[in-house]
Amino acid sequence: MELDFNSTSLQKVRDIKIPDIFNRRLTTGISKIDVLFNEGILPGSAMTLTAQAGCGKTTFMLQLLQGLTMNGYNVGYFSGEESIYQLAYTANRVKSEDVSIANVTDIETIKSYMNKLDLLVIDSFQALTSKTKMNSRQFEKHAVQSLTKHAKNTECTVVFIMHLTKSGDLKGGTVVPHTVDANLKITRIPDSESDDDRCIYFEKNRFGPLNELECAIGANGYDFDAKVVKDEDDNIKAPSKTARKKQDIEKILNLKNVTLAEAAKALDGNVTRAQYLLREQEIIGNLTKDGKGRSAVWHKAA
């Protein structure tokens, strides 16, 4: 790839001065997200975000941008997939009202914004346009190299949201994921008791470990509020599905005379998960049930 690296002589690592930018990170203030990104996002880096339709790519990026905005960073969401009205509707639903959004797809116009932004999201790479005519392969190479170079020159991180085929493969060639610094992916958790469970993880990361985060998505967006689980060495890691389930059960059992509506509210509006956990706790004897349907009430077993 032509990324303007200068040729150098052979040097010992101890003699190379690492630029300060490698020690600076953009932090969201959302602890689990910052841990996922190895204590923050590297300025000027480029990454892709992929997931099947409906997994929550837009929701995740809006919440991440909201966190960055609240921490004083200038961010932007450039969409060629949804109108700003549709995007604003989603942003309001997931409490990301402070994010700046626009319908812009032209590469040069986007580059002009990068001079004053700390991070921008392009939704999607496949929706990008250019006034210069070229075939699809030439355009793909031009788009990713042009924007990635400008990201490093302006220290503006760029995130490309990418489309997947129904079989889960990336649409287009492999130029984009190979050029960028990191590939982030969101998937549903196989064999999970809830369709709302998600795993957000790195398939590639030039500036950190391949961290992953298990979480849940609901009507109000992703749930990043559960306590961080620590391992035997007291290292912070993403909570496992088992740990999150334990936390959700505790939320329900801490309620007095539980209704389905109250249980769902405690679980961020996730009615399906609330039904599942109430039934499970009833079967194992932790709760007793009075009534049927929406009027049913669960009590702690004596």
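Ser 124 sits in the loop between β4 and α5. In this predicted model, the peptide bond that leads from Asp 123 to Ser 124 is cis, with omega near 5 degrees. Why look at such a bond at all? Most residues other than glycine have a negative phi, and most peptide bonds are trans.

The loop between β4 (119-123) and α5 also holds Lys 131. Is Lys 131 buried or exposed? With a relative accessibility of 72%, Lys 131 counts as exposed, because the cut-off for that word is over 50%. Its side chain makes a polar contact of 3.4 Å with the side chain of Asp 106. Along the chain, Lys 131 and Asp 106 are 25 residues apart, yet 7.6 Å separates their C-alpha atoms.

## Two residues with positive phi

Let's turn to the backbone angle phi. Glu 39 has a phi near 70 degrees, which is a positive value in a residue other than glycine. You can find Glu 39 in the loop between α1 and β1.

Asn 257 also belongs on your list, with a positive phi near 50 degrees, and Asn 257 is not a glycine either. Look for Asn 257 in the loop between α7 (241-253) and α8 (260-266). Its relative accessible area is 40%, so Asn 257 is partly exposed.

## Two helices side by side

Now find helix α4 (residues 107-114) and helix α5 (residues 136-154), whose axes come within 10 Å and cross at roughly 10 degrees. Angles under 35 degrees count as roughly parallel, and α4 and α5 are therefore roughly parallel to each other.

Which residues meet here? From α4 come Ile 107, Glu 108, Ile 110, Lys 111 and Met 114. Their partners in α5 are Phe 139, His 142, Ala 143, Ser 146, Leu 147, His 150, Ala 151 and Thr 154. Sorted by kind, the residues of this contact are 7 nonpolar, 4 polar and 2 charged.

## An arginine on the inside

Is Arg 198 buried or exposed? Its relative accessible area is 3%, so Arg 198 is buried. A polar atom of the Arg 198 side chain lies 2.8 Å from the backbone oxygen of Cys 55.

If you leave aside neighbours within four places in sequence, the contacts of Arg 198 include Gly 54, Cys 55, Ile 186, Thr 187, Leu 213, Glu 214 and Tyr 222.

## Rings that meet

A pair of aromatic rings is described by the distance of the centres and the angle of the planes. The model has 5 aromatic pairs. One of them joins Phe 37 and Phe 202: the ring centres are 5.4 Å apart and the planes stand at 85 degrees, so the pair is edge-to-face.

Phe 37 lies in the loop between α1 (31-36) and β1 (46-50), while Phe 202 lies in strand β7, so this pair ties together parts that are 165 residues apart in sequence. Phe 37 counts as buried at 6% relative accessibility, and Phe 202 counts as buried at 5%.

## The whole chain

Of the 302 residues, 46% are buried.

How do contacts reach along the sequence? Among contacts between residues at least 6 apart in sequence, 62% join residues at least 24 apart.

How values were computed:
Residues numbered from 1 in each chain as written. Predicted model: local features only at pLDDT ≥ 70, side-chain atom pairs only at ≥ 80, totals over all residues. Heavy atoms only, no water. Axes fitted to C-alpha atoms, helices over the stretch in contact; angles between N-to-C directions. Helix = DSSP H or I, 4+ residues; strand = E, 2+ residues; numbered from the N terminus. Parallel < 35°, antiparallel > 145°, perpendicular 65-115°, else oblique. Contact = heavy atoms within 4.5 Å. Nonpolar A, V, L, I, M, F, W, Y, C, P; charged D, E, K, R; others polar. Buried < 20%, exposed > 50% of the residue type's maximum accessible area, 1.4 Å probe, protein only. Polar contact = N/O pair within 3.5 Å; in protein donor to acceptor, adjacent residues only side chain to side chain. Phe/Tyr/Trp six-rings, centres within 6.5 Å; stacked < 30°, edge-to-face > 60°.
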